[in-house]
Structure formats: structure tokens, C-alpha cells
Amino acid sequence: MKMKTIKIQLETLTCPSCINKIEGVLNKQNGVDDAKVMFNSSKVKVTYNEEETNPEEISAIIEKLGYPVLS
Amino acid sequence: MNINTKTRNILTLVSGGLLLAALAVYLLTPGSLAQDIILIVAAIFAGVPIAIKAFQALRMKAFSIDLLVTIAVVGAMIIGEYTEAAVVSFLFLFGHYLEGHTLQRTRASLKSLMDMAPLEATILKNGKRITIPAEEVQVGDHVIVQPGGKIPVDGKVITGQSLINQAAITGESVPVNKTKGDQVFSSTVSDNGYLEILAEKVGDDTTFAKIIELVEEAQETKAKTQKFMERFAAYYTPGIIILSVIVGLITLNVHLALTFLVIACPGALVISVPVSIVAGIGNGAKNGILIKGGDKMEDLAKVNTLVFDKTGTLTKGKPEVTDIKAYGISTDELLQLTAEVEVTSEHHLGKTIVKKAEEKGLKLVHNPSDVEIMKGHGLRAMLNGQQIYVGNKSGAEKLGIAIDIEANEYMLQQQKNGNTSVFIARDKEVIGIISIADQVREEAPATMNQLRNAGIGDLMMLTGDNELVAQKVAYQLGIDKVYAELLPEDKVSKVTELKTSGRNVAMIGDGINDAPAIATADVGIAMGGTGTDVTMETADIILMSDKLDKLPYAIKLAKATIRNMKQNTYFALITVALLLVGVLTDKIHLASGMLIHEISVILVILNAVRLVGFPKYQVWFKWLNFNAKKRKEHTETQLTV
């Protein structure tokens, strides 16, 4: 198991209710160990297992939820 | 199928324009078909982005507020409330737009700090200058910084000299002179000189990068109040939805049921605490004060007892020669010969004497021989054929050196003034006394007064130094209580003792020697954070500059932040209560519910924005403070132990 942590920058988050939404969905994904939304800096911090998922897949999920990923 | 921010803003604008058009039509011919059509179109324009978001979340099996609003809007359309539908969807979007913009202002401090990050670096490679992105500099590279340029790495100056503005790190804009061998930091600005720097820390390892990282993490650390609010919200939303369904089923009043859905998200409540904390932490960071989270902010605001370490915190931590008394020879001769003996010494008092001699331009010509260190006393050596002793009184007595009444009186007087006395004897005869003291920081007395004004009840001091020296410093500064001659573990137990006596204790020290005591206190404050990683890790609050005067600012900022947070919380709670009562008593409907909701969110954010400009835009309430103590009037007799 190889764990890695990335920070994904989103467009400015405005409603705190998106925190639960994004965290909830990401935490259910295979290979995601821990997802935390940094509301104030509009980032998502994700710890994931490199063998099961990758940053592109995680970013895609966030985009699908309706939050454009900047980097 | 994402709708980007720009499209959404256009849709909001169009929908707003249509609402105005509908109003115009209404004024001309109330209740016309044209009015309804315009309203329906407005509702669709604003409703579609909300519905898409709701659908996206639903697809991922996630619940969202957008879903509630979509249901409310669609429901309102079905029962023919076109105005309500259009206004609710427009306000929801417009509210988000305004929130986005005002929220950015609460985050402005950190943003402006991040903008100070260096982008490019010029390095010397094979004798050539090349410019590369700052993050590509390697440890060991020679970095060139031109006058006016930004330093891209942490490192040591190899050549050159310059005044450097370190505001990005310390929050102090007074430039500091740096020359060969001095430490410089990434993101600071070289003012007037050319510098060549050896890169020691680059990229994410620099002090600046660590500050940004720390502040970002700190902003997310939840305050205790925030945790309470989130728990409240976690029950509130489902509770309101259930209420909506029950009320709808019992009364069969669809309009009322839909209104509940609109007020189900306690937006102002959830955002009330984080916005204040973010603005407060950001303000601190910009002023060289790193506060590690909302909870630490709350703790700092509650502190009533401040415990200081003495050496290096209240004092400069650099001993200086304060007086030279010579018997039978000139003071320069005395200083010269003492320095000649002490030149090999590793002792900090010895070094202080040598430094003083060098400052005075005295040439050290003679070399000592047969140097004998007398542990705990001083040292003895042969110099120019004469036996010289430099050390304390007990060492002199041990060697049988006679100390007459005059010298003894002088020594006592010096000690009373907080000095350490060094005896110098030549062939068993005292030829002089050099007094050395660690001077109190220049800003310390004023800081103590400001701390009292900031509402700190007790100022205390812990030190490993002897009682007399400690008392002297305490007297100069008006410190209430002194605990002297402590070992590091004694400091820890003292702090624990104060805590268990029911005080809210903050301990401030230099972060290295005092790390255990700092970790023990309710709030650990480290000074001079540019020093080490250890400092950054153990302390709850880090004052980046090596100066005391940021301390009152930090405490006032914490109090202002907590006050702001409370204003927001109460305001949000009252709004929620009013909305509920208003809906239940049929005073508030879909559109007005959404309007009040959005206004309350914006007001809460705007209130927090005031903190970005702290200490401006603050109303200071002068509470009667019965606990505040006046500076204690020490009498001279207290000092003669």
C-alpha cells in the first residue's frame, strides 16, 4: 500500500454545505483513505492509495459533482 | 455539463433583468399573461444552474441544498406561484455571487501574503547568470539578488550587504541590515544592495512556504464554537425537512411546506464562525503572528495569566558590560588585561568581556599561559609574568584573595541593580570589578503596560537565574510574580501548578529552551519563529519577529476575533429563530425567506471582513475590569535579600 497526499485547488467555495457533499462522496471512493475539504482556501486534501486510484480520477469525481478543478 | 462561473453570472444577471421587466409589466397591467411568462422564463434561467448542481450531487448519491431549492422552485411553479419561484432562484444565485466576492475579502490577508512568494531566481552557473523559476533552485546554488529584488530562497549571504525588508516573514517593515554570514529568508526584499546567497532551503522547505502551509492548515482547524454550530446544523436541516413534510401532510398547504425547504439551510450559522476565524488568522499572519487554529484563538482570548521566560524573552539574551571599576590601574588597562586572559574562554561572560574590549579598540597583545579553569568560579592564568584571576567572589575567596569593604560594597550595589560581578585579581590583589548584565529589551516596559490594557491580570516570570537578578528585571518591568533559580523541569511543574489553580495560562519563551513549558501551558507562545522548526511545531502561537511588542497585538486580535465570532453566532441564531417563527406564523414566504436568509449570510461575512483591517473598524467596549491590577509598587527593601 502506497499512500500519497495531494491538494486539489478548486474555484472559490462559497457554501459550507459543499464540504459535506465533496467529503462524503470522495470518502466513499475506492482507494481514497481520507478526503478533507479546506473550505477557506478552497482546496481538497486527499490521501489516497496509489495502487487503487490517481489524482486524475479524483479530480474527475470532483468535477462531476459540479466543482471545477483549477489545478 | 458543468456550468462555469461566468455563464452562471450571466444567467443570474439575465434572470434579475427579467424580474425587473416583470415588475414593470405588473405596474402597467397587473396580473397579465405577459407578466407570468416573463417570470417563468426568469425562474428557468436562474433555476437551471441550481437544478444541474442538484442533479450532479444526486447522481453521486449526495444530498445538497441545491436539491431543496430546486424542489421549492419547481413546486412553486406547479402551484402557480411564479413570482416566488423566480425570486427564490434568482436570490439563491445572486446570494452565492455576493458571498463569493465578500468571502474572498475575508481571505484577502493570506492571499496578499501568498502574492509575496518569489517567482524567479537568478543563479550563478559556470560563471554565468541564468534566470530560472524560483522552485527550481537547488540547495547549494549561488543565488544573485539585485537591489530591489526578492530573495527566492532561505540561505546565507556569501558576499554583499543590503538592507532587507522582512515584512513577508516577520510583519515588520523596518529594514534589517544583512551582510556576509547572515541568514536571509525567501520572499523578503533586498532594498539597496547586491547580494550573493548560498541556497540552504528551497521550494516548500523555506520558512515562507512553511508559514503559508501552517496558516492554511490553521484556518481549517475548527474552533470549539464551530463544532457546536456544525452539530446544530447537522440536526437542523434534516429536522426542517421532516417538519416540512409533516406540516405539508397535515395542513395540505404546499406553499408552507415549500417555504420550509427554502429556510432549511442555516447558511449564516454554518459560516458565522469560520469567516471570523479566517479573517483573524489572516490578519495575524500578515503581521508576523501565526495562530495555529480557531481553537487556539479562543484559548488566547481567554488567557488571564502570562508567564514569561526571562533570558532572551524579557531580556535581550545577550549579556553586556554595564560598568567597569578599576583599583589602581585605568579601566582600559583592566579591560585589556582581562580580555587577554579571557580570549581563550568559552564562557559567555568571558566572551562578553572580550567583545567589549574589541569594541573599545583595545589591542590584545599578550598571550596567557598556564590557563586553569576553576569550574563554577572562573579561571586563573599567567599573563606577562603575573598571576591573574578572573571570576566570582567565592572563587576569589578560595584563592585567598582579600576583598576589602569598598569592593564588597560596590559588588553588592551592582548585584542589586541586576548585574553579575566579575572580580579581577593580580597576584592576590583585587584590581577591578567588571559588571555584566543581560539588558531588558527596550520594548519590554511599554509591552507590559499594553498587556495590562489588553486585560491580562497577572504577569509572571520564570527563570533559571539567581533571585537577585530576577527580582531586578521584575522590578523594572512591574512583573507581579517571580520564580527564580528553576531547572527546566521546574518550569514545567510551575506552569502545571498555575493551570490547576484555575488560571488560563499562556507561556512565552524562545521556543527552544522553553519548549516543554510552552507545550504544557494552555497557550504556548514562541518568539523569534524564524529560528527553528522545533519552535514552529511546539508552540500554539508563533511571533515571527524577535520582538515582544507583537504580543499585545496578538492578544487584542484574538479578543477581537472571538468577539466578532460571537456577534456572528448570536446574529445567525436569532435569524434562524426569526425565520422559523415567521414561517410558522405565515409572515414569511418563499421569496422573503430566501431574501432574509441571503442577507443574513452576507451580513455575517461583512462583519468578519472588518477583522481584515484590524485594529481599524473596531468598536472597543471598555468593560469595568475589576481584575486588572496596577503595576506593583516595589520598594527597594524588597530587593535587598
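These legends accompany close-up views of a predicted model.

**View 1. Helices α3(B) and α9(B) lie roughly antiparallel.** Here you can follow α3 of chain B (residues 65-78) alongside α9 of chain B (residues 254-262), with axes that come within 8 Å and cross at roughly 155 degrees. Angles over 145 degrees count as roughly antiparallel, so that is how α3(B) runs relative to α9(B). The crossing of α3(B) past α9(B) is left-handed.

**View 2. Residues that join α3(B) to α9(B).** From α3(B), the contact draws on B:Leu68, B:Val69, B:Ile71, B:Ala72, B:Gly75 and B:Ala76. Facing them from α9(B) are B:Val254, B:Leu258, B:Leu261 and B:Val262. Sorted by class, this contact holds nine nonpolar residues and one polar residue, with no charged ones.

**View 3. Where chain A touches chain B.** Chain A brings 18 residues to the contact, and chain B brings 25 residues. On the chain A side, α1 (17-28) and α2 (55-64) are the elements that give two or more residues each. The largest share, four residues, belongs to α1(A). By class, the chain A side has seven nonpolar, seven polar and four charged residues. For the complex, the predictor gives an ipTM of 0.86 and a pTM of 0.83.

**View 4. A stretch of chain B with pLDDT under 50.** Chain B has a mean pLDDT of 87, and 95% of its residues reach 70 or more. Over residues 622-641 of chain B, however, pLDDT stays under 50. The model has 18 contacts beyond four places in sequence for this stretch.

How values were computed: Residues numbered from 1 in each chain as written. Chains lettered and ligands numbered in written order. Predicted model: local features only at pLDDT ≥ 70, side-chain atom pairs only at ≥ 80, totals over all residues. Axes fitted to C-alpha atoms, helices over the stretch in contact; angles between N-to-C directions. Parallel < 35°, antiparallel > 145°, perpendicular 65-115°, else oblique. Left-handed = near helix turned anticlockwise from the far one by under 90°. Contact = placed C-beta atoms within 7 Å. Nonpolar A, V, L, I, M, F, W, Y, C, P; charged D, E, K, R; others polar. pLDDT = per-residue confidence, 0-100.
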